[in-house]
Amino acid sequence: MTALLLRNCDAIVTSASDPVLHGQDILCDNGAITAIGPDLDRDIPAGTDIISGAGLFIYPGLVNTHHHFFQCFVRNRAELDWTRYSVIEWLDRIYPVFSRLTEECFYHSSIVAMAELIKHGCTTAFDHQYCFPKHAGSRIIDRQFEAAELMGMRFHAGRGGNTLPRSEGSTIPDAMLETTDAFIADCARVIEAYHDPDPLAMRQVAVAPCQPVNCYRETFVESVALARDKGVILHSHVGEGESPVIAQVHGMRTVDYCESLGFAGPDTFYAHGWELTHDELRKMAASGTGVSHCSEPVYLVGAEVTDIPAMDALGVRLGLGCDGAASNDNSNLMHCVHSSYMLQCLAARTRDDPVPAPAAFLSYATEGGASLLGRTDIGALQPGRAADLFAIDTRKLDYVGTRHDPISLIAKVGIGAAVDLTVINGRIVWRNGAFPHLDEGALFAAAEDTLHTILPKTGGL
Ligand SMILES: [Zn+2]
């Protein structure tokens, strides 16, 4: 791989909590950052690709910790807009569409989601893939890894699944259920095939049953056993609307239920956590259980605003996520950094609390996300860590008056346009409005053609 030197950068934000560097260089080689400092061009490998850092602000690549890539194929459809229906009505409408998805749909929707993430500075993506229509076959996760390879994305596959039928209280149609044995066996297969525990890994796997209310108890018990045996992360939806079914069947709330099964700890993170009590947050902080905060569904669903400052003050590990396009409609984590900051400002003002610092939200989207995924080699720019970064060229009218505080810029001002450069594992995957190794027009056409095998171009469902 060709070494890369970003030379004499206007600003380098190595992390949200460290001093900003000005007029310095970053050297990347063999997937990692090898040096940060002044005048590095005096000693670089032959053939190094040198990019001028004039006007560039450099940041650690964003880490997306919750998404459902396949939902990119159901965006912007009024007839599926969950703000118009009760949850049950919405599920009745959207699951028949999900159940049509084919293996090709999962491949192309993954490309669509990853492309948008990369354009907006995301370099590591976790996808919670819980949709396994029987006719789509057994290679859905494999095709997602194939898509990640094509895009050059650092990819964490959350192998999801649902096992409990509607007749026993879940919300999942029978056509999309698996047995616990089949789910665990496929988790073990994809861990064996793809999970790389080494530093700079481009592929990792998490065991991620969809949510407690849609699975048998044994599914969670066996997920814990498998993940601990293989040393991989556990993930699920928790606190996305407390289910009365959990209380009826198990006699406790969901956080306690998960803790009772061992589905908690420093290797575990939950998506959402909207409706958790202070006591539950304290337990999660004590066990090391993290939360992927997805701000955009909070706007749309109108549920309680997640109390992020309280979680942070208690020591709950926090990352940010886009969530699926059925509850967001975009895959733009950069936008989520801004929207989550704005949402928390509103909530703080409503409570008469001090507003949170913008830097915290950049931290959640970088080092926080890395922590949730169990990684110390991403999330900040340091020699030895992965060469995952994005750059914005601030010599534009958009940035006049904002350039004095590069750390706050991302959350407080927001970056509306695509970034100017995204580097993953030392490789340029997006630069000046194009994917240098890909034909975006051809990928667009293939994705559109595949989408229209399951949904008409115009009209209803
Ligand atoms: Zn979700």
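## A parallel strand pair

Phe155 stands opposite Arg203 in β10. The model is predicted. Strands β9 and β10 pair in the parallel sense, and five bridges hold that pairing.

Helix α3 covers residues 140-151. This helix lies across β8 (122-129), β9 (154-159) and β10 (203-207). Its direction runs at about 165 degrees to β9.

## The eight-stranded sheet

β9 and β10 belong to an open sheet of eight strands. The order is β7-β8-β9-β10-β11-β12-β13-β14, and the pairing is parallel. β7 (62-64) and β14 (318-320) are the edge strands, and each pairs on one side only. With direction ignored, neighbouring strands are turned by 25 degrees against each other on average.

β11 (residues 233-238) and β12 (residues 268-272) also run parallel, joined by five bridges. Here Ser236 stands opposite Tyr270 in β12. Helix α12 (residues 358-372) packs on this sheet. It touches β7, β11, β12, β13 (290-293) and β14. The direction of α12 makes about 110 degrees with that of β14.

## The five-stranded sheet

A second open sheet has five strands, in the order β2-β6-β15-β16-β17. Its pairing is mixed. The edges are β2 (11-12) and β17 (427-431). Each has a single partner strand, so one side of each is left without a neighbour in the sheet.

The partner of β2 is β6 (residues 56-60), and two bridges join these parallel strands. In one of the pairings, Ala11 has Phe57 in β6 as its bridge partner. Helix α13 (residues 406-413) packs on the sheet and touches β2, β6 and β15 (389-393). The direction of α13 makes about 80 degrees with that of β6.

## Helix α11 against helix α13

α13 also meets helix α11 (residues 333-351). Their axes come within 7 Å and cross at roughly 80 degrees. That makes α11 roughly perpendicular to α13.

Which residues of α11 meet α13? They are Met334, Val337, His338 and Tyr341. On the α13 side stand Ile410, Ala411, Lys412 and Val413. The residues of this contact divide into six nonpolar, one polar and one charged.

## Ser110, a buried residue

Ser110 sits in helix α2 (residues 103-119). Is Ser110 buried or exposed? It is buried, with a relative accessible area of 1%; the cut-off for buried is under 20%.

The side chain of Ser110 makes a polar contact with the side chain of Gln144, at 3.3 Å. Leaving aside neighbours within four places in sequence, Ser110 is in contact with Phe69, Gln144 and Ala147. Gln144 and Ala147 fall in the range of helix α3 (residues 140-151).

## Asn30, an exposed residue

Asn30 is found in the loop between β3 (24-29) and β4 (32-37). Its relative accessible area is 60%, so Asn30 is exposed; that class begins over 50%.

How many residues separate Asn30 from Ser86 in sequence? The separation is 56 residues. In space, the two lie 51 Å apart, C-alpha to C-alpha.

Definitions and conventions: Residues numbered from 1 in each chain as written. Predicted model: local features only at pLDDT ≥ 70, side-chain atom pairs only at ≥ 80, totals over all residues. Heavy atoms only, no water. Pairing = 2+ DSSP bridges. Helix = DSSP H or I, 4+ residues; strand = E, 2+ residues; numbered from the N terminus. Contact = heavy atoms within 4.5 Å. Axes fitted to C-alpha atoms, helices over the stretch in contact; angles between N-to-C directions. Buried < 20%, exposed > 50% of the residue type's maximum accessible area, 1.4 Å probe, protein only. Polar contact = N/O pair within 3.5 Å; in protein donor to acceptor, adjacent residues only side chain to side chain. Parallel < 35°, antiparallel > 145°, perpendicular 65-115°, else oblique. Nonpolar A, V, L, I, M, F, W, Y, C, P; charged D, E, K, R; others polar.
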